[in-house]
Every structure is written in C-alpha cells, then in structure tokens.
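Please open the model in your viewer and keep the selection panel at hand.

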Amino acid sequence: MRIVIVGGVAAGMSAASRARRFNPDAQIVVFERGEQISYGACGLPYVIGGEVESFERLIARTPEQMRGRGIGVRLQHDVTGVDSGAATVTVTDRATGQSCTEPYDRLLIATGVSPVRPDWAVTPLGGVHVLRDIPDGEALDASVRDAKRACIVGGGYIGLELAEALRSRGLSVVLLEKGPEVAGRMLDPEHQRRVRAELERNGVDVRCGVTVQGLTGKGRVSGVQTDQGLVRADLVVVAVGVKPNVGLAKAAGARLGKTGAVAVNARQETSVPGVFSAGDNTESVHRVTRRRVHIPLGLTANRMGRIAGVNMAGGEARFPGVVGTGIFKAFDLGVARTGLTQTDAEAVGLNAVSVDVSSTDHAGYHRTSRPIHVRLTAEKGSGRLLGAQLVGENHLSVKRVDVVAALLGERATAQDLFDADLAYAPPFSGVWDVLLVAADRLHRLV
C-alpha cells in the first residue's frame, strides 16, 4: 500500500506517524512545500515576544527523524494537481522546477489554511506581514528589530497575542479592529471589554469600529489609512483571519462544505474514494449543535490526522467532532472559551440562558489568589450545558475550561457539573470552586 500525504505539519505528520504504527509495511511519502515539518505554529508569537528562545525550538520532529521511522519526507515539493481517476498526484520540485507524477493507493490532503490578505494588504512595501509559518515569523522578527511603531489589523487570537509580544519588544502598538470589540468571535461582550481593558492597561492603543482603506509609504510602510484617519506605523501585521486551502481537494473532485472547508465523514474520508482530508483545511461536526463547522485549531488538526492515518492504513477510527475550545493569554490575563457563547447559542436558535460569577481563582484568604470571572451557558428546559467563558488575572487559572469542555462532549447538564468531584486545596481553589458556584446558579435558572 502506498500512502501519499500532502502537507507535513500537524495533521500530515500525525497521519504519517499513526499510519506507520498501524501498518509497518505501508509505503508512506509526505510532500511538504515548505522547508520545515512538524512544528508548533501556535508558538510563533511567543518567539517574537522572547518567551521562546528560537524558532528552532518549535520544531517537534525533523525530516531525518521521520525518515528514520520509515516515512519518506520531501521538502520544497509542491503538489499541484490530483487525478483521482488515475490515483496520481502531480508534484513540482520547487528547487529545480521539475515536475513528476506520483501514484497513490490512499491520499491525504492536509494543506491547512492561508492568511486572509485584503486587497490593501497585497503590497510590495516592506514591513507588512502576516504570521502563519516559521518563515513568516522570521521575516516579522527581522522587521521588529528596526521598527518603533507597530499597527496590528485584527483583534482575534493572533492579533491579541502579538500585541503583547510587540509591546514586550519595546514597540508602541495600535490595534485596529473592524468590529465593535476585540475577541468578537470568541467571547460575549462583557468578556470582550475585559480583554480590551487589559490591552489598554498595558499601553496598547485599541481602536474598534475602524475600517482600513490602504497603506502609505515608499519602500517601507509608513502608515495605515483608515476611515478615521491615518495611523503612523513602520510595521504592520495583518491578522484578519484565515481561509482553508481547498484547491487540491477541488481538483480531486472532493465536495466542499457550506463552511468553505473540505467536507469529510467521521473517518476523514472525502466524497472521493481513497482521498482523505484532515487539519485546518477540513470541516468537522460541532458536538453541541451537531452542525458542520470550520474551527482550525492545533489539537483538532493533530487528532484528525491520527484518525486519517489509522483509516488510510486499513484500520477503523472515527473523529468525534469538536466543541470549539480555545485559550489565549493577553498580558496578565488568561482567556478561555468552550462550546457556545450566549451570542452563538442565540444565533443557532437555541433557547439559552447564562450566568456570570466573579470570584477568586483559589481560596480568597490565600495571599496569591486573583480574580476570575466565569460565564456559564446552558439550554433552557433541558439544563444541557452549552458553553463557558473564563477570564482570570492569573492566566493559568482559566485552564478550568477543560472541565466544561470534557462535559460538553458528553452532553452533560449544569447539574452534572455541579455534582463533579473537583479537587480542593487553598492554593488551588476555594472549597466551592467558581465553576461549581456558576453551575449551581445556572441549574436554578434552567
């Protein structure tokens, strides 16, 4: 059996490793258009900010290590076409420009996502960046060394993390967000405002409701033109979202979902026999709503890859879906969410109710306790948990979100959360943890 994998980062290498364990006799070849495989892209802002010492530290496995396990890895090889009828792919060596045709018995498309670049961001000006892979990070890091004033366009995960990173490098930072608040897709308005206040407390100039119209500069960017005037900047980061890379899947004849990402079944199979898809280019099922969603996150990509690897190698595994758990750090603030916000629930027609609880992350009398704020959401009538949002002044405290995430997958209720036997000791929590207090109040309302 010959397994061909397109894309050598999270999903692709997880699939290759799992397929090798499951089928030692399979021939496995990974084509990666870049120069690195198997690295933690989520760590890029932390290299920029100096919390991780180098980009090399993000690399989990090298091509040599994978080849030692019997997995062929070809770097700087771009798969440009798929003939699903003939079961072949067309591959171009980016170093030589030569192309060839490669056969497959099973094909995995793990092509990830690309940063969205509005028309105004397509420019020859120096100092304008996106952040998706290690070369992007290296280019941004080089620009930071010569910059004084940064403008970040976009208030999502990457924009918020980079705001802290660039401030730690001594730059003045203006963050522009088109929507009414930062973290707009992640949190309800109350928690969005807490995040914005933390950014502003640390010297970030946050401007919401702003539309970017263009860039100024000669050779290097000097400013960002908006509908509310010019923002002077010698470094611009465009962080307005990502789009799934679906060109190869379309060429193979695979169906796309309503999300715009590749549609698959629970085995990660596309609509084309023998062709699989996994990772950020692929949609999944939300375990709360049962709807198809596109939520590109690191664990999801790795898990999808494992499932695809088993099934391509002849086994049987199924991907259970996602609940959309996310977490990030903004200066001293930790922020996490899972499942649905109140806004999300209302948008999909659920009769939802939420409670807000502010407390301390461990026993209030303990000298290290810090404030934490929890919003818990459930379905009215059934009491089924729908989601949670946490904001804590000790950023580690919001890992409590994992408790709710685990229960969401089991379609548990607010009462089930209240009944959970959570650990207690004064340095870690109050005897009645903030999650239990929120669950108790929520149960009374549903």
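**First stop: two loop residues**

Select R411, which is found in the loop between helix 10 (401-408) and helix 11 (414-418). Helices here are DSSP runs of H or I with at least four residues, strands are runs of E with at least two, and both are numbered from the N terminus. This is a predicted model, in which local features need pLDDT of at least 70 and side-chain atom pairs count only at pLDDT 80 or more, while totals for chains, interfaces and linings use all residues. Residues are numbered from 1 along each chain as its sequence is written, and side-chain values use heavy atoms, with hydrogens and water left out.

R411 is not a glycine, yet its phi is positive, at about 55°. Most residues other than glycine have a negative phi. R411 counts as partly exposed because its relative accessibility is 34%. The terms are set as follows: buried means under 20% relative accessible area, exposed means over 50%, and partly exposed lies in between (1.4 Å probe, protein chains only).

Next, select F331, in the loop between strand 21 (326-330) and strand 22 (333-339). F331 also has a positive phi, near 60°, and is a residue other than glycine. Is F331 buried or exposed? With a relative accessibility of 9%, F331 counts as buried.

**Second stop: salt bridges**

Side chains of opposite charge can pair when their charged atoms come close. A salt bridge is counted when a side-chain nitrogen of Lys or Arg lies within 4 Å of a carboxyl oxygen of Asp or Glu. The structure holds 25 of them.

Select D141 and R169, whose closest N and O atoms are 2.9 Å apart in a salt bridge. D141 belongs to helix 4 (residues 134-144) and R169 to the loop between helix 5 (157-168) and strand 11 (172-177), so this pair ties together parts that are 28 residues apart in sequence. D141 is buried, at 10% relative accessible area, whereas R169 is partly exposed, at 30%.

Move to E181 and R196, a salt bridge with its closest N and O atoms 3.4 Å apart. Because E181 lies in the loop between strand 11 and helix 6 (189-201) and R196 in helix 6, the pair ties together parts that are 15 residues apart in sequence. E181 counts as buried, at 13% relative accessibility.

Then select R444 and D440, where the closest N and O atoms of the salt bridge are 2.8 Å apart. Both residues lie in helix 12 (residues 434-445), four residues apart, which is about one turn of the helix. R444 counts as exposed, at 62%, and D440 is partly exposed, at 22%.

**Last stop: the whole chain**

Display the entire chain, which has 12 helices and 25 strands. Its C-alpha atoms fill a box of roughly 65 × 55 × 40 Å along the principal axes. Of its 446 residues, 53% count as buried.
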